[in-house]
Amino acid sequence: MASAGDEDLVASKTDGFKVGEKKTVEEYAKLVDQNDESLNRWKASLGISNSPALPVDPKDTRRCVIHSLALEVPGRSDITIDLSVPGALESLKSKPFSIKEGAKFRMKASFKVQHDVLSGLKYLQVVKRKGIRVSKDEEMLGSYAPNTQEKPVYEKKFAEDEAPSGMMARGHYEAVSKFVDDDDHTHLKFEWSFDIAKDWK
């Protein structure tokens, strides 16, 4: 049986696009061409370098580990959810946080990639109020090589958003979000909730 939001949490597809042939980090690293500046820039954008890889528990088969999620608001301290804390995901739905109506904010995620190159990581989000969908968002986060000692963690800031305003917009909202890659593999899915209020609480 499909869980909440499954029918909405589907990444958009580009007609004719096919996921390229998979390569290991070692294979990507061997793609060296001193005269091909664009190739070298592309490898650098993936985080492929000569820095030693971080040690990985062979029993941990996850390719992407989301460490934390945060709400960033100009002039205010970040609201950060440390996902390594037991029960953190479960509390996201039962303990909503408040956002002031009309406030500008952005989400950001801290995560680690291990074992292999992660291709086309996306963040999908569906927000509902009283069971009716009010928004659906998709944010492309990019492709990443496994973390190294030089770069032990990645942090990605999402596009800035603005909370709705007005008496009709105030109230309780429920959301379902997930991180998915080009292979349609879900790395994290969670339900959460928030309140749009007249002022910060």
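Visitor: What should I know about the model itself?
Guide: This is a predicted model, where local features need pLDDT of at least 70 and side-chain atom pairs count only at pLDDT 80 or more, while totals for chains, interfaces and linings use all residues. Residues are numbered from 1 along each chain as its sequence is written, and side-chain values use heavy atoms, with hydrogens and water left out.

Visitor: Where does R129 lie?
Guide: R129 is in strand β5, residues 118-129. Strands (E, at least two residues) and helices (H or I, at least four) are DSSP runs, numbered from the N terminus. The chain has three helices and ten strands.

Visitor: What makes you say R129 has no salt bridge?
Guide: A salt bridge needs a side-chain nitrogen of Lys or Arg within 4 Å of a carboxyl oxygen of Asp or Glu. For R129, the nearest side chain of opposite charge, D195, is 8.5 Å away, so by that definition there is no salt bridge. The side chain of R129 does reach the backbone oxygen of M168, at 2.5 Å.

Visitor: Why is S68 called buried?
Guide: Buried means under 20% relative accessible area, exposed over 50%, and partly exposed in between (1.4 Å probe, protein chains only). S68 has 16%, so it counts as buried. S68 sits in strand β1, residues 64-72, and, leaving aside neighbours within four places in sequence, it is in contact with T80, I81, D82, L83, K108, A109 and S110. Across the chain, 38% of the 201 residues count as buried.

Visitor: Is K130 buried or exposed?
Guide: K130 has a relative accessible area of 77%, so it is exposed. K130 lies in the loop between β5 and β6.

Visitor: What about K130's phi?
Guide: Most residues other than glycine have a negative phi. K130 is not a glycine, yet it has a positive phi of about 55°. D184 isn't a glycine either, and its phi is positive too, at about 65°.

Visitor: Why is D184 called partly exposed?
Guide: The relative accessibility of D184 is 46%, so it counts as partly exposed. D184 is in the loop between β9 (171-180) and β10 (186-197). D184 and K122 are 62 residues apart in sequence, and 9.7 Å apart in space from C-alpha to C-alpha.

Visitor: What makes a group of residues a nonpolar core?
Guide: The members are buried Ala, Val, Leu, Ile, Met, Phe, Trp, Tyr and Cys residues joined through side-chain atoms within 4.5 Å. The largest one has 35 residues, and I99, F111 and F179 touch the most other members. Among the elements that each supply at least two residues of this core are β1, α3 (88-94) and β6 (132-144). Another core, of five residues, lies apart from it and includes L124, V126, V176 and V180.

Definitions and conventions
Lys and Arg count as positive and Asp and Glu as negative; His and the chain ends are not counted. A polar contact is a pair of N or O atoms within 3.5 Å; within protein, one must be able to donate a hydrogen and the other to accept it, and residues adjacent in sequence count only if both atoms are side-chain atoms. Contact means heavy atoms within 4.5 Å.
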